[in-house]
Amino acid sequence: MTDGVHLGSGKVRELYALEGDRLVLVASDRISTFDVVLPTGIPDKGRVLTGLAAFWFARTRSICPNHLLAVRPDGRSTECRRLDMLPIECVVRGYLAGSAVKDYRTTGQVCGHPLPAGLAESDRLPEPIFTPATKAQTGHDENITREQAAGIVGAERLAEIERLSLALYRFAADYALGRGIIIADTKFEFGLDGDQLVLGDEALTPDSSRFWPADQYAPGKAQPSFDKQFVRDFCEKTGWDKTPPGPELPPAVVAGTRARYVEAFERLTGIPFADYLADPSVVLR
Ligand code: Q0Z
């Protein structure tokens, strides 16, 4: 058996155990919007996300070691080192978006970071901020303060993952901006291999981050999603109440969305997606 024992399912991914403290993460073509997985998949979405994450893992190894061992020839399966995952999500925000907008408006702060007055939705922050969250079993992750995070992983470990998260975000956001994509925020998950801190899970993909098209950036309102905007627009237009089941997507929405995922892959990696399909190891070189 190549895929070993099934350990768990995410909304759009599967996790399996292999021999020798290794795992396989398999990214499906399922897509979620408004927290609901839709009945229609986006062909190759799992390959785009797997290839992008592997690309970033290969390019950030000097900032932080990561769990990546290999990308399988199917392009959607990642073999990785099994880690003892830390039970917090390491969110970095470079722009004011999502739950941070509400927090800022009600308190002038985001997760204990005081921010300048007068920021508009989607504005770039003066500096990227680290806003840890707990991993909720179901539903939404909950923002926590640095004190709460220190209580969970220890103050020393927290300082280390904050420093690494900010360094990874700065590197990737700067790189992506040069290729026309704003990474507004992103989520990292770290684990331990013995006493070594290792970046795990999936990193710097459109499923773990907000990607915005830089050429359309206009703060003062919510920004269009680089990848999911056609899906969101279609879902809004149908009048769907955002409870399961979600609507089936028409072929034009599927094709447009697939093209956006492939565009994100090609812009960021500089590699034709067809080359990745022919040999996924191209992203590691
Ligand atoms: C990742 C997840 C998925 C369900 C555990 N290297 C690692 N070592 C130990 N655990 C994990 C990893 Cl990546 C790990 N998840 C998230 C992924 C399906 C849950 F594909 N959970």
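Predicted model: local features only at pLDDT ≥ 70, side-chain atom pairs only at ≥ 80, totals over all residues.
How many bridges join strand E9 to strand E13? Two bridges join these strands, and the pair runs antiparallel.

## The whole chain

The protein chain has seven helices and 17 strands. Its radius of gyration is 19 Å, close to the 19 Å that the globule rule gives for 285 residues, so the chain is as compact as a globular protein of that length. Along the principal axes, the C-alpha atoms fill a box of roughly 55 × 50 × 35 Å.

Of the 285 residues in the protein chain, 51% are buried. The accessible surface of the chain is about 13,200 Å², and carbon and sulfur atoms account for 51% of that area. Among contacts with a separation of 6 or more, 62% are between residues 24 or more positions apart.

Strand E9 covers residues 88-95. Eight of its eight residues are buried, so the strand is largely enclosed by the rest of the structure.

| Partner of E9 | Residues of partner | Bridges to E9 | Direction |
|---|---|---|---|
| E13 | residues 133-134 | two bridges | antiparallel |
| E15 | residues 181-193 | four bridges | antiparallel |
| E12 | residues 124-130 | three bridges | antiparallel |

Individual residues show where these pairings occur. Glu-89 has Ala-133 of E13 as its bridge partner. Cys-90 stands opposite Phe-188 in E15, and Arg-93 stands opposite Ile-129 in E12. As a general point, side chains in a regular strand alternate between the two faces of the sheet.

## Strands E15 and E16

Strand E15 pairs with E9, and five bridges also join E15 to E16 in an antiparallel arrangement. In this second pairing, Phe-190 stands opposite Leu-199 of E16. Strand E16, residues 196-200, is mostly covered, with four of its five residues buried.

E15 and E16 form a hairpin with two residues between the strands. In this hairpin, Gly-194 takes a positive phi near 65°.

Is Ile-183 buried or exposed? Ile-183 has a relative accessibility of 1%. Buried means under 20%, so Ile-183 counts as buried. This residue lies in strand E15.

Leaving out residues up to four places away in sequence, Ile-183 touches Trp-56, Tyr-95, Tyr-169, Ala-172, Ala-173, Ala-176, Leu-204, Ser-209, Arg-210 and Phe-211. Ile-183 and Thr-205 are 22 residues apart along the chain, and their C-alpha atoms are separated by 9.4 Å.

Gly-118 sits in the loop between strand E11 (113-114) and strand E12. Its relative accessibility is 72%. Exposed means over 50%, so Gly-118 counts as exposed. Gly-118 and Pro-132 are 14 residues apart along the chain, and 24 Å separates their C-alpha atoms.

In short, Ile-183 is buried, whereas Gly-118 is exposed.

Notes:
Residues numbered from 1 in each chain as written. Heavy atoms only, no water. Rg over C-alpha atoms; globule rule 2.2 N^0.38 Å. Buried < 20%, exposed > 50% of the residue type's maximum accessible area, 1.4 Å probe, protein only. Contact = heavy atoms within 4.5 Å. Areas by Shrake-Rupley, 256 points an atom, 1.4 Å probe, with all protein chains shown as cover. Pairing = 2+ DSSP bridges.
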